[in-house]
Amino acid sequence: MTTFVLVHGGWHGSWCWRRVTPLLVEKGHEVHAPTLTGVGDRAHLHGPDTGLHTHVEDVVAVLEIDDLQDVVLVGHSAGGAVITGVAQRCAHRLRELVYLDAFVPKPGQSILDTLTPQRRQFFTAAVDALDRIVLDPDTGMDGWAVTDPADRDWVRPRLRPHPLRALADPLPPGPVPEVPRRFVHCTVKPGHDSFAGFAAAAGADPSWRLDEIAAGHDAMITAPAELAALLAD
């Protein structure tokens, strides 16, 4: 039995794991899928100080309050920065870090720092008066390769603006302790692949494991069975 903690990416919430969680539970695993502050069912809790440190604290609190040990910590997309920050805080509770088509910023670096100038401008131009990045749902789903109309109808009303500081705040400068790392690259992309570079770096580093899944960026929604099998491997 493995204990999984699944950390969602930007504009999502714990709801996005709803198709994966029961598949892992059926195999006898324990699954926790917290919603980060300011999005999903916790969108109403967004405030001017909500940022990367808040999201790291959200996950650390789950690990500590439930006294979770030997955890496989999965971060999707922007959740990659979150799980890296969690590893800086409590690596002793972790078995493995899994970056699911995720950003892998270095200590002292933010997610925005890893983007091309064009992508950085795309996000910063969409910031509202509350310092949230407001993403058009259909534009987002186009980029995430969510193509099935039923999936799009399910996802669209659940997306919420994402705190800018979650992407703009840098990780603390301290080192990331040695924890086994895996990168899962989603290979079906309709346009620019922001995660190909991270996948290539993982594949060139013998301390990482690199897996691929023939699905779009939101594999937990469009290919839940394949993703659950890969995570449980």
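The lining of the largest pocket comprises 12 nonpolar, 12 polar and four charged residues. In this classification Ala, Val, Leu, Ile, Met, Phe, Trp, Tyr, Cys and Pro count as nonpolar, Asp, Glu, Lys and Arg as charged, and the others, Gly among them, as polar. The model is predicted: local features need pLDDT of at least 70 and side-chain atom pairs count only at pLDDT 80 or more, while totals for chains, interfaces and linings use all residues. Residues are numbered from 1 along each chain as its sequence is written, and side-chain values use heavy atoms, with hydrogens and water left out.

**Pockets**

- The largest pocket holds about 490 Å³ of space; a pocket is an open set of points on a 1 Å grid over the protein atoms alone, with protein on both sides within 12 Å along at least five of seven lines.
- A volume is the space filled by probe spheres set on the points, which are joined across faces, edges and corners.
- Of the 28 residues that line the largest pocket, Arg119, Phe123, Gly143, Trp144 and Ser194 are the closest to its centre; lining residues have an atom within 4 Å of a point.
- Helix 5 (117-124) and helix 6 (137-143) are the elements that give two or more residues to this lining; helices are DSSP runs of H or I with at least four residues, and strands are runs of E with at least two, numbered from the N terminus.
- The second largest pocket, with a volume of about 370 Å³, is lined by 16 residues, including Lys106, Arg181 and Trp208.
- Helix 9 (residues 196-203) gives the most to the lining of the second largest pocket, with four residues.

**Cavity**

- There is one cavity of 30 Å³ or more, a cavity being a set of points where a 1.4 Å probe fits but cannot get out.
- The largest cavity contains about 50 Å³ of space, and its lining includes His8, His55 and His162.

- Six strands form an open sheet in the order 2-1-3-4-7-8, with parallel pairing; two strands pair if DSSP finds at least two bridges between them.
- The edge strands, each pairing on one side only, are strand 2 (30-32) and strand 8 (208-213).
- Strand 1 (residues 3-7) pairs with strand 3 (residues 71-76) over five bridges in the parallel sense, and Thr3 stands opposite Val71 in strand 3.
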